[in-house]
Every structure is written in structure tokens, then in C-alpha cells.
Amino acid sequence: MNESIILFIPLCSQIREDPDVASAVAAIRSLLEFLKRDQSETILGLRENQTKAIQRLEETDSSVAVSSGGELFLRFISLTSLEHPDLSQCKNVMIERGELFLKKISLSRGKVGKLCHTFIKDGAKILTHSSSRVVLKVLENAAADNKRFTVYVTESQPDSAGKLMAQKLHNLNIPVTVVLDAAVGYIMEKVDLVIVGAEGVVESGGVINKIGTYQMAVCSKAHNKPFYVVAESFKFVRLYPLNQQDVPDRFKYKADILKTVKDLNQEHPMIDYTPPSLITLLFTDLGVLTPSAVSDELIKLYL
Amino acid sequence: MADSVGRQVDSINHATEEDEKKHEIIGAKGEGKELTKEEKQRLRKEKKQHKKNKKDDRGPPEKEKEKEKASVPAPSKPATQSPAHKAAPVPVNASASESPVAAEKPAKSKAELRAERRARQDSERASKQGKKEGGQQSTSSKPKATPNELQPVVKRLPDHVQVDDPVALKKLAKKLERQQVPLRSDYGYKVSLFSHLHQYSRKNPPTQQISIPVTVIHPSIVRLGLQYSQGIIAGSNARSVALLHAFKQVIQDYSTPPNEELSRDLVNKLSPYISFLSQCRPLSASMGNAIKYIKKEISNIPSQCKEEEAKRILQECIDSYINEKIILASEAISKYAIEKISDGDVILVYGCSSLVNHILCEAFEKQRKFRVIVVDSRPRLEGREALRRLVKKGIRCTYVLISALSYILPEVSKVFLGAHALLANGYVMSRVGTSQIALVAKAYNVPVLVCCETYKFCERVQTDSFVSNELDDPDDLIVTRNGKTHLENWQTVKSLGLLNLVYDVTPPDFVDLVITDLGMIPCTSVPVVLRVKNVDQ
């Protein structure tokens with residue numbers, strides 16, 4: 001059984017190299033493959049193996065989305081009663097539903113893009129943070145709609161992901177400017193709205209995203225600019241952080257750093273938590289939600 | 001006048017007829033035959049009819065002569081009224097039903113009675129209109145005001161928030177008189193903003209006015225009422241559990257009267273008890289939910305169930321309610337709450353919440369390192385009880401009064417608060433002072449966590465602390481220091497009012513997290529939980 005896990009971690013990273021696919025989607029794909037080749041005799045055994053596989057995947061990629069996506073996948077395939085006496089039939093049902101789940105979430109980014117681009121008016125100036133494929137999709141849709149707008153992207157150190165985003169936007173012929181992370185307060189008076197992606201959406205309606213998002217949210221609140229978050233529904237996670245310290249360490253730092261470094265206080269966290277009071281609206285494939293409606297949707301998803 | 005006397009004679013005759021019929025039936029029962037369902041229904045219908053006739057009797061003669069009224073109830077009372085009858089649903093009389101009266105009343109025709117009734121309603125409506133124009137605080141629109149038969153579903157204000165409306169007071173007095181529950185009178189000058197609430201004195205418990213032996217109210221309920229009014233049992237959970245235990249005793253001692261069904265009669269028996277308890281101390285939201293649950297369970301008892309079996313079922317229901325909603329819920333809440341307590345935390349608690357104390361004790365047992373700051377306030381000084389419990393466990397505690405709150409808050413990392421009830425719009429109703437703590441904590445960016453079981457969630461909506469609250473004994477505020485009691489004669493000073501509020505509401509913006517037995521939810525998700533609960537039921 002262990003061999004099969006090891007077999008599929010490289011598969012997962014291979015899929016990840018396809019840059020357009022979200023890491024969570026790749027993880028779920030590998031989970032599905034793992035399920036297909038699973039040899040357990042009981043449904044409980046299947047579930048246990050899936051849980052272990054999810055844990056292994058989390059160890060390689062410590063993003064919130066992988067953990068939330070994995071858990072949602074597991075719930076989705078095993079939630080209804082599997083009354084078939086034959087195990088292989090049950091497994092087939094589970095695999096079918098897994099495929100369905102995978103198909104749904106592959107389409108979710110498109111749905112979000114369609115919902116959000118209407119909020120971008122002609123002549124708008126947009127501020128975004130770091131590199132998010134969902135935000136890219138939204139801006140792509142808006143551009144396809146023949147809207148004229150300019151984008152400011154923060155550099156987003158330490159990995160300079162903002163520059164990557166700027167390159168992609170440039171390829172779409174959207175006028176883009178890269179600003180320093182420290183220049184968010186400076187640029188805020190010029191922009192009309194702020195759109196960011198999310199790595200995870202938590203129970204309170206807040207979001208977990210690349211470090212620097214919280215600052216941007218506070219600035220936009222001070223300037224009364226709308227702060228929009230775009231996220232797919234598989235990123236909804238059952239966490240409830242009260243403040244920045246309350247976010248579990250396994251999400252804050254990259255997986256390899258967690259394994260090697262002893263004193264985490266010397267490390268820079270990669271994500272931060274933005275509380276719901278600073279967020280205007282969330283665009284998800286379940287619709288346009290206010291932060292307080294997120295809890296409602298989460299209850300529906302998880303219960 | 002002659003025909004009114006004739007009508008009374010008729011009613012007396014009718015009463016004796018009824019009597020004979022009853023004797024027949026009782027005789028039949030005495031032979032060992034159980035009354036069939038149909039016979040019981042017939043009896044019930046006849047009783048209702050009779051009550052209707054009596055009311056119609058009283059209607060017109062009331063307007064004419066008092067003396068006749070006195071004579072009518074006297075002979076008819078011993079004939080018809082017995083404890084079982086009194087408990088029979090009176091609202092049936094109030095509704096404008098067209099049940100056939102002609103069979104029992106040869107003297108008056110159906111049309112005449114209806115005309116009389118309508119005339120009475122018109123006159124009442126007219127007087128009410130006059131009162132409304134007088135600028136009095138009127139109750140929510142009454143169905144009688146609408147001229148047609150269709151009555152819109154109207155939410156009435158509860159009695160205990162209409163103390164300054166004499167109409168509502170009179171209705172309450174009549175209701176209590178009918179149930180033979182003593183009416184408690186208000187005490188002392190009430191601050192004008194809260195004049196719509198009751199204010200009782202602890203020195204005059206309602207049990208003083210009850211005669212011994214008490215026939216209507218069960219002794220365990222009397223004891224419970226006294227414990228409530230004297231503050232011996234205080235705290236939302238404690239009151240609910242005591243109430244449920246008292247009800248268990250009541251059910252144990254209950255025996256179905258001969259022509260009644262347990263499912264209907266027991267519910268009616270409970271009404272005077274509940275009135276009595278709300279006279280002793282206004283019911284809390286948790287008690288209200290518990291009572292609703294019991295009433296539902298009782299009315300769901302199948303009619304063919306034997307009495308012993310039914311009693312056993314009810315006892316089990318009550319036990320499982322206490323177990324699930326209170327005891328197991330607190331275990332579940334502790335489990336979630338302990339995840340939020342990290343080593344090195346400084347936790348602030350206010351007053352004495354059984355749930356918060358339980359959480360802290362559990363966390364301490366699970367080897368979490370934290371210290372507690374207990375905030376207390378006059379006049380109840382409940383924080384001392386919480387302090388005692390926590391120190392006994394070995395938790396490091398600090399004790400401050402609420403006036404030192406802004407001094408101590410920079411040290412605090414989390415605030416844990418208990419709740420009396422969670423309202424449908426996300427507001428938290430809790431001991432007075434809680435909203436102050438939440439406000440200052442928000443200003444210092446300290447997370448505020450409210451712990452509340454789901455059985456305390458209520459459908460009510462409130463945005464301020466004035467509309468519905470409880471006024472405690474104002475004499476509690478009098479304190480003797482250095483041999484001097486300054487407020488001793490506060491009643492003599494005309495412009496002085498002492499206000500001893502019990503509850504206040506905290507808006508959801510100040511609360512970061514609510515921990516319930518269903519999980520951790522934001523304050524705005526209370527209606528979602530209520531919806532899920534309703535679907536479950």
C-alpha cells in the first residue's frame with residue numbers, strides 16, 4: 001500500500017507542473033487514482049487509506065486548499081449510504097462520484113470568472129496581490145468583454161510571484177504595473193477596487209491568502225474601497241482562526257521548512273489571515289456571498 | 001328581566017341534567033368499564049357547550065344587573081365546576097365558533113345569540129378605539145379589530161413586558177385568578193425607561209399568599225418558585241435543570257382524572273404551574289425552550305398508552321433532554337473550546353457561567369498552561385463563586401471588579417463569556433456587564449468567545465436591552481459601609497430611583513466566535529442553526 005502512495009506523489013507533482021491546474025485539483029486527481037488502485041477489503045479500510053493519502057499529500061504541499069479539497073473529496077464520495085453488499089460495487093459508486101466531484105471543481109474557476117467580471121466597470125483601476133489563477137481568469141473574462149481597465153500588482157516577496165502575474169496579464173494585453181509590497185498604502189487612493197484570490201476560506205468568512213493580503217485589506221477599509229475575494233468552493237475549510245497567531249503552523253510555512261527547521265520564530269510565514277469584517281464580498285462557484293453567508297454554505301457542504 | 005331569570009332557571013335545569021348524565025357515566029365507569037374515546041369526546045363537547053352557555057348567560061345579564069350575575073355562578077358552580085373542568089380549554093369560548101347552541105337553549109335562537117355577541121364585540125372595539133386615541137401604549141393589533149372573520153396571525157407581546165398597560169395587567173390578573181395563582185405586586189419606584197417591566201421585592205415572595213395546603217400548585221413547584229424568587233437557584237442551566245426535575249416529580253405524582261386523556265390534561269395542568277413560576281421570576285429563554293419540548297412530548301403521547309407507560313416515557317424524555325442538551329453539550333463545547341486555549345494564554349471571564357467554568361477546569365486537566373482573570377460586578381458578586389471553583393482546581397486566578405476592566409485588558413489574550421440566550425439576529429443576551437466587556441475587548445482587539453448550548457437559542461429578536469429585560473430587587477443596591485447605609489431611605493426621596501438590571505444584549509460585531517455543541521460558528525449564523533434544528537424536529 002505504501003508503494004502505491006509513493007507512486008502517486010510524483011504523479012501529483014507532475015500534474016502540478018502544469019501551471020494552469022490548481023494544486024488542490026491535482027491532489028484530488030491523484031487521490032482518485034489512488035482510490036482506483038486501492039486493494040482494501042472494507043469501506044472503512046478505503047476511508048483510512050484515503051485519509052492517510054491526504055496526510056501524505058499535505059506533507060508535500062502545505063497549502064490550505066489541498067487539505068480542504070482532500071477532506072471535501074472524502075466527504076463527497078462517502079457521504080451517502082453505500083448499501084450495495086458487494087465492495088467492488090461500492091467502490092465503483094465512490095469512483096463515479098469522485099469523477100463527478102473532479103469534473104465539478106475543474107469547472108468552478110470558469111463559474112467564478114463569469115460571476116465576477118461584471119463587477120469590473122469600464123475604466124476601472126484594479127489592485128491585486130501576488131499571483132492567483134482565479135483572479136487571472138476573472139480579468140481575462142473582463143478583457144474578453146471589451147472592458148478597459150488597468151491593473152496594479154504587488155511584487156509579493158519573498159517569491160516575487162507578482163512579477164509572474166504581471167507577465168501573464170501583459171500577455172493578455174491588459175495594462176499592468178508592478179508595485180512594491182510597501183507601496184500598497186500609497187497606491188490605494190488611485191485604485192477603485194481590490195480583487196484577491198484565496199488559498200482557503202475559513203468558517204468565519206475570513207480568508208487565508210499570501211502574506212500581505214491582510215495589510216491590503218486594512219488599507220482598503222481605511223480608504224473605503226471594496227475588497228473582493230474570489231475563491232472556488234473546494235477551498236472552504238473547517239478552520240476558525242481568531243487572529244494571526246491562531247492559524248495552525250502547518251499552513252503558515254512551506255512543507256519542507258516545517259520538516260527541517262527547528263525554531264519557527266526565525267522563519268517568515270507565507271500566509272496571513274484576513275478577518276471577515278474587512279471583506280466586502282466573496283465570489284465563489286456557489287454564488288456571490290457575504291462573509292456571514294460563508295458559514296451557512298460551509299454548514300451545507302460539511303454537514 | 002323575567003326572561004333573563006327564565007334563562008338562568010333554564011341553565012340551572014340544564015346543569016342538573018348534565019349532572020345526571022355525568023352520574024350515569026361515572027356509574028358506568030364504576031362498573032369497571034373504561035370510557036371509550038367517543039364518549040370522552042362527547043363529554044368534552046358537552047362541557048364546552050355548557051361553558052359557552054354560561055358565558056352567554058353572563059353576557060347580557062352583566063350589562064343589566066349585578067345581583068343576577070352573583071346568583072347565576074353560585075348554583076351552577078358546584079354543579080359543573082370541578083378541577084378537571086377548570087382546566088378545560090377556555091380559549092374555545094373566546095373564538096367565534098358557530099357551534100350549535102340551539103339544542104341546549106330553547107329560549108334563545110342562534111341568530112339572537114350571534115347578534116348579541118356581535119353587539120358586545122362592537123362595544124368592546126369602540127372602547128378600545130377610544131383608549132388607543134388616548135395615546136396609551138396599546139398591545140399589538142388585536143384580531144378583534146378586524147371586522148371580518150379572518151384573523152391574521154399576530155404575535156402578541158408577552159405579559160411580562162407590558163406592565164404599564166392596564167388592559168394587559170387586567171387580563172393577566174384575570175388569568176391568574178382563574179388558575180388560582182397568586183398575583184405578585186410590584187415594589188418601589190421604577191425608572192421610567194423600564195416601567196414596562198416587573199420589579200419585585202425579595203422580601204415578599206409570592207408563596208406568602210398561598211394557602212396551606214395548596215391544592216392547585218404542586219409542592220415541588222412551590223418550592224422551586226421560592227428558590228427562584230430568593231435567588232437560591234440562579235444561572236440559566238441550573239434553573240432549567242431544576243425545572244425539569246420538578247416536572248419529573250409532577251408527572252410522577254400525576255394521575256389522570258376519570259374522563260380525561262393524559263396528553264391533554266397534563267398539559268393543562270402545567271399551565272398554572274408555569275404562571276406561578278413566572279410570577280416568582282420571569283422565565284428564561286432556556287426554560288421556555290424546555291417547557292416547549294415537554295409540552296410537545298406530552299401531546300405526542302398516543303392516546304391508547306397506559307398511564308404508567310406514559311409516565312415512564314415522559315420521565316425518560318426529560319432525562320434524555322437534560323443529558324443531551326445540557327450535559328453532553330457541555331462536553332462537546334469543552335472539546336471545541338480547548339482547541340482555542342493555547343499555552344501561555346491569559347483568559348478573562350465574567351461572572352459565574354457554569355459552562356465556562358467547566359471548560360476551564362477541563363482545559364486545566366488536559367495540562368494546558370494558562371491563567372485566568374475573573375471580572376466581577378455588584379450587586380450579585382457572582383465572580384466570587386467562579387473564583388472559588390477555579391482556585392479549588394488549582395488554576396492561577398486574578399480577581400478584579402468591572403471598573404478595572406480597561407486597566408487589565410492589555411494583559412488579556414482571550415475573553416470567554418457565557419450566555420443566557422442567543423437571539424435570532426445574532427445578539428447575545430447575558431448577565432448585565434457582558435456587553436461592556438465585549439465592547440472594551442473589541443477596542444483592545446482581544447478576541448471574544450461566547451460559549452452557549454443550542455437549547456438556549458431562541459427565535460426572538462432584540463436590538464437593545466430595554467425592550468425585554470428583568471428588574472431585580474432594588475434594595476440589593478443598598479450597602480452598608482463604615483456603619484453608614486446611605487441609600488436606606490431611598491423610597492422617601494421622590495426623584496431617586498434604583499435600577500438593578502439583570503440582563504443586557506451584546507451586538508454580534510463584538511463577538512468573534514460562538515462555540516456551540518454543533519461546532520464553532522460566527523455570531524451571524526444563529527438563524528442557520530435554528531433552521532437546521534427545526535428541520536430536525
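Trainee: Which residue lies over the face of Tyr228(B)?

Mentor: Happy to start there, and please keep in mind that this is a predicted model. A charge counts as sitting over a ring if NZ of Lys or CZ of Arg is within 6 Å of the ring centre and within 35 degrees of the ring normal. At 5.4 Å from the ring centre of Tyr228(B), the residue over its face is Arg239(B).

Trainee: And which residue lies over the face of Tyr336(B)?

Mentor: This one is in chain B too. The distance from the ring centre of Tyr336(B) is 5.5 Å. The residue over that face is Lys335(B).

Trainee: What kind of aromatic pair do Tyr228(A) and Phe283(A) form?

Mentor: A pair of aromatic rings is described by the distance of the centres and the angle of the planes. Planes over 60 degrees apart count as edge-to-face. For Tyr228(A) and Phe283(A), the centres are 5.4 Å apart and the planes stand at 75 degrees, so the pair is edge-to-face.

Trainee: Is Phe283(A) buried or exposed?

Mentor: Buried means under 20% relative accessible area. Tyr228(A), at 10%, counts as buried. Phe283(A) has a relative accessible area of 0%, so Phe283(A) is buried.

Trainee: Where in chain B does Tyr455(B) lie?

Mentor: Tyr455(B) forms an edge-to-face pair with Tyr321(B), at 6.3 Å centre to centre and 85 degrees between the planes. The pair links distant parts of the chain, 134 residues apart, with Tyr321(B) in helix H13 (residues 307-339) of chain B. Tyr455(B) itself is in the loop between strand S7 (448-451) and strand S8 (503-506) of chain B.

Trainee: How many aromatic pairs does the structure hold over all chains?

Mentor: Some rings join into a cluster: ring pairs link Phe119(A), Tyr228(A) and Phe283(A). Counted over all chains, the aromatic pairs number 8.

Trainee: How many charged residues are in the lining of the second largest pocket?

Mentor: That pocket holds about 1,100 Å³ of space. Of its 41 lining residues, those closest to the centre are Ser23(A), Ser63(A), Ser131(A), Arg133(A) and Glu199(A). Elements of chain A that each supply at least two lining residues include helix H2 (23-36) and strand S6 (207-210). By type, the lining has 15 nonpolar and 10 polar residues, and the number of charged ones is 16.

Definitions and conventions:
Residues are numbered from 1 along each chain as its sequence is written. Chains are lettered from A and ligands numbered from 1 in the order in which they are written. This is a predicted model: local features need pLDDT of at least 70, side-chain atom pairs count only at pLDDT 80 or more; totals for chains, interfaces and linings use all residues. Side-chain values use heavy atoms; hydrogens and water are left out. On a 1 Å grid over the protein atoms alone, a cavity is a set of points where a 1.4 Å probe fits but cannot get out, and a pocket is an open set with protein on both sides within 12 Å along at least five of seven lines; lining residues have an atom within 4 Å of a point. Grid points are joined across faces, edges and corners, and a volume is the space filled by probe spheres set on the points. Helices (H or I, at least four residues) and strands (E, at least two) are DSSP runs, numbered from the N terminus. Ala, Val, Leu, Ile, Met, Phe, Trp, Tyr, Cys and Pro count as nonpolar, Asp, Glu, Lys and Arg as charged, and the others, Gly among them, as polar. Rings of Phe, Tyr and Trp (its six-membered ring) pair if their centres lie within 6.5 Å; planes under 30 degrees apart count as stacked, over 60 as edge-to-face and the rest as tilted. Buried means under 20% relative accessible area, exposed over 50%, partly exposed in between (1.4 Å probe, protein chains only).
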